[in-house]
Amino acid sequence: MKNNESTKLSEIAQKSLASLMSDYQTTSQGLTQTDADNRLKKYGENTIQTVKKRSELFVFIENFTSMMAILLWVSGIIATFSGMLELGIAIWTVNVINGCFSYWQQHAAQKATDSLKKMLPSYVKVTRNGKIKQIREEELVPGDLFTLQAGDAIPADARIFNCSNLQVDESSLTGESLPVDKGNQYQQGDGKFAQNNIVFAGTTVTSGTASGIVFATGMTTEFGRIAQLTQNQKKVIYPLQRELNQLTRQLTLIAISIGTVFFLLAIFFVHSPIASSFIFALGMIVAFIPEGLLPTVTLSLAQGTQRMAKHHALLKNLNSVETLGETTVICSDKTGTLTQNQMTVNHIWLISKQYDVSGTGYFTNGSVSSASGNIILEEEADLRELLQIATLDNDTEVTEGKENEKSKILGTPTEAALIILTRKAGIDSQHENQKFPRLKELPFDSNRKLMSIISKTQTGTPIIYTKGALSSELQICDQILDAGQIRALTEADRKKILAINEKYAREGLRSLAFSFRKVVDQDPLMDQKIDSYTIENAERHMVFVGLVTMSDPPRPEIFDAVKKCHHASIKIIMVTGDSPITAKSIATKIGITSDKARIITGSELDQLSDDDLQRAVKDEVIFARVAPEHKFRIVSMCQKNGEIVASTGDGVNDAPALKRADIGIAMGVTGTDVAKDAADMILTDDNFASIVSAIEEGRTVYKNLQKFLLYILNSNVPEAAPSIVFLLTKGLVPLPLTVMQILTVDLGTDLLPALGLGVEKSEPGVMDLPPRPRDSHLLNKSIIIKAFVLYGLVASIISICAYFFVNYIHGWPSVALMASGAGYAKATTMTLGAIIFCQIAAAMNCRTQISSVFSIGLFSNRRIWLGIIAELALFAVLIYTPFLQEIFNTQPLNLVEWFFLFCIPIPLFLLEELRKFFVRRTKSHN
Ligand code: ATP
């Protein structure tokens, strides 16, 4: 950082808040919307371009410099200089077309990936026109006031105020991995980013809350400046790409070796001239190099991610498609993922009285559906106290929807349920907050499972209000409110509370407990400043008030999704912060576990050794009342058992587990920025069922790649077979397929239906099989046998027969031995045609592995049919255009010949259907 920038930062840090606000022409009411709009025009969007795009021209040219392309360039030159100008031009043309096609595929894949990024907007809570509203991060402008809480990514450089226990992870800027404390008061620090009352874009909040006033956005932030200096794009190579690269290299090596052998044999065995021997060998090389494999695979992965996005699962990189298909265990949160996060308050329980308040409305992410019932608030001190805590110890805003509009929630459904509950009792939260102004907040975190606030009572003394999980509350309460009187919390009371809570939990209800403590008289905090109130000294000696229960029904789609997982041998482990009994009740209701499942709580987990835990996760198990840190251990132990683990998470502390898991899955709606950043996949609907759809899609994409590979490889054999005939007969039988014809099949007709295979829908039963083992290869033995022996050999025999069939019609054997003339051209046309028609059958046969093609619908994949039509059209153009006839050595076909060709695919297709039928039958008998 230059000195003047450093000075600017310390000036901002040392200024009074009022003068900073006047510098940035803002007030505590925030900017007006008009002012914000004008500033957005002036300063531009708040975005940081960390990645400099590679020049499009460079990307384009790259497609013409692969080994295969270079080989074709050189071959074109050799052909030209050996007097075969037309062949030279044709080879170059094919090379150009092929390069353009592969660039198009690359471009389409990039576009698909980019469009996914746009589907994941980040929001920030700002104050504008005196109201809190949520805006997209890009719309933030200098002078905006915004709020921060744990898990937020800091959207811009800002001076902070109203700060409460704020800790920030600045490792992206400073490299320092420990979170740093931030505060309201300026303190001198050393180092580049030492200003303790300034937060920087690109860093994240690990705990606490604060408000901020923006002083720099986009590329003018410190992070933006650094990004500008270090803009470079790291090319990440995924395992699948590595495997494909290796495969391409191996096949290329084989192709070149075979080509060299053929070249030498042509010279010394057949005594052909060097140039034509070279062109002949080129045919062999072209036939075997699987060009176009990588761009097609990348495109098909990218298209797979697009389909997943439609099913609410956004993948951050293509690699995850492959891992998803291998997933064997899903560690899933409960609330909101398995359940609807639609909180309905059912009961209020006080030691002396209970209320059934079912039917007072339900509250879901982002909106409220109000039911008709109302609560009659009796003159009952304990109930009043509980509702008071529920109103004040609450960070969620519920705005009343206008006519026919749902109310909106800014916060969590749990807290929204409490707001609605208190509203039904006639309590106005704004009014209450004015009466008892908040002095400090000790924010909720899922480790201690409590949230507290300190408010000022009307007598001026502080009061601590706490709400949270009952198990945590009982640890901090030693008194109880009983019919308006505070008395000691006895063992009998504890038993009674636990018993009622257990009863509710068995019904699958979630509970929240409430407590308070007035800081009066002898209280140790009495003379302390509010700043020195901490979790340790404030959340103790509390007065227990009561419980509120809420129901959160399972998502309707969950039952099927769980069944699908079980069929697919994927294990589900529920890992929840909720109570063990509630967790078990929901898990058995949904069908995740039987009621024999072992429940391990967070504290029990702490006592288990790694070995014990490793054994425990092999059986039916539920983890309850766990902290996010426990999730990391659970994921690790599953992995030690050789499992491929997908794990969900939403909070800031879930990040390590998300990173550790093979597939980290963050919640798009309720998840924090930190969780989203750490994850590989983001669910835009927070729904477990979307994970299952994504796994299904992942398995399908992988299977489609195998189908594609099988299809591409199987045409290599009939492309090469004619050259073998030529060699074996010592050149007596001229080449039944010319080099240009090989190029036509390999770079033209072959690729068109293959594109359709990449988007084939899931084969029935894809989720009835166990997950694919991690060490399995895309190109396995069964594909090799099918490609080279089954499909390949049959197609070779048919195409060579086609060659001799024409010869036979036109006067065997004389024509057969002539390497020129119309008869020879017609014969090679038939070889080419036979290969194309065999490929039509192969395209259909490759669509399924063992299911009948009729079961997925003969015409259900339009792209394959379009590919086939395009392939036939190309063939027709090549044989009916006089100028192309010469280059491609083709001749028009008569009706008999066309009939011969059209007959080829039918038996091939029917025989394969029969084979699949027997495979299915054998499998079902086993
Ligand atoms: P899951 O981990 O499956 O998402 P969960 O939402 O119950 O389930 P946490 O968010 O860790 O898990 O919450 C744990 C417990 O903390 C809850 O069961 C509830 O009792 C309590 N709790 C949840 N939200 C709040 C809140 N805003 N304030 C106080 N306590 C809360």
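User: How many disulfides turn up in the whole structure?
Analyst: A search of the whole structure gives 0 disulfides. Keep in mind that this is a predicted model.

User: Take Cys331. Which cysteine sulfur is nearest, and how far away?
Analyst: That of Cys638, at 4.6 Å. A disulfide needs the two sulfur atoms within 2.5 Å. Cys331 is in no disulfide.

User: Is Cys331 buried or exposed?
Analyst: Cys331 counts as buried, because its relative accessibility is 1% and the cut-off for buried is under 20%.

User: And Cys477, buried or exposed?
Analyst: Cys477 is buried too. Its relative accessible area is 3%.

User: OK, switching to the ligand. How many residues surround it, and which are the closest?
Analyst: There are 18 residues around the ligand. The closest are Lys334, Thr335, Arg510, Thr576 and Gly577.

User: What does the shell look like by residue class, nonpolar, polar and charged?
Analyst: It has 8 charged residues, 6 polar and 4 nonpolar.

User: Let's get to atoms. What does the backbone of Gly577 do?
Analyst: A polar backbone atom of Gly577 sits 2.9 Å from an oxygen atom of the ligand.

User: How much of the ligand's surface does the protein bury?
Analyst: 89% of it. The ligand taken alone exposes 610 Å².

User: What about domains, which ones contribute?
Analyst: Domain 3 (326-340 + 555-687) and domain 4 (344-551) each provide at least three residues of the shell around the ligand.

User: Zooming out. How many helices and strands does the protein chain have?
Analyst: The protein chain has 36 helices and 28 strands.

User: What does the C-alpha trace span?
Analyst: About 120 × 70 × 55 Å along its principal axes.

User: Last one. What part of the protein chain is buried?
Analyst: Buried residues are 54% of the 926 residues in the protein chain. Cys331 and Cys477 both count as buried.

Note on methods:
Residues numbered from 1 in each chain as written. Predicted model: local features only at pLDDT ≥ 70, side-chain atom pairs only at ≥ 80, totals over all residues. Heavy atoms only, no water. Near = heavy atom within 4 Å. Polar contact = N/O pair within 3.5 Å; in protein donor to acceptor, adjacent residues only side chain to side chain. Areas by Shrake-Rupley, 256 points an atom, 1.4 Å probe, with all protein chains shown as cover. Nonpolar A, V, L, I, M, F, W, Y, C, P; charged D, E, K, R; others polar. Domains from an automatic or database assignment. Buried < 20%, exposed > 50% of the residue type's maximum accessible area, 1.4 Å probe, protein only. Helix = DSSP H or I, 4+ residues; strand = E, 2+ residues; numbered from the N terminus.
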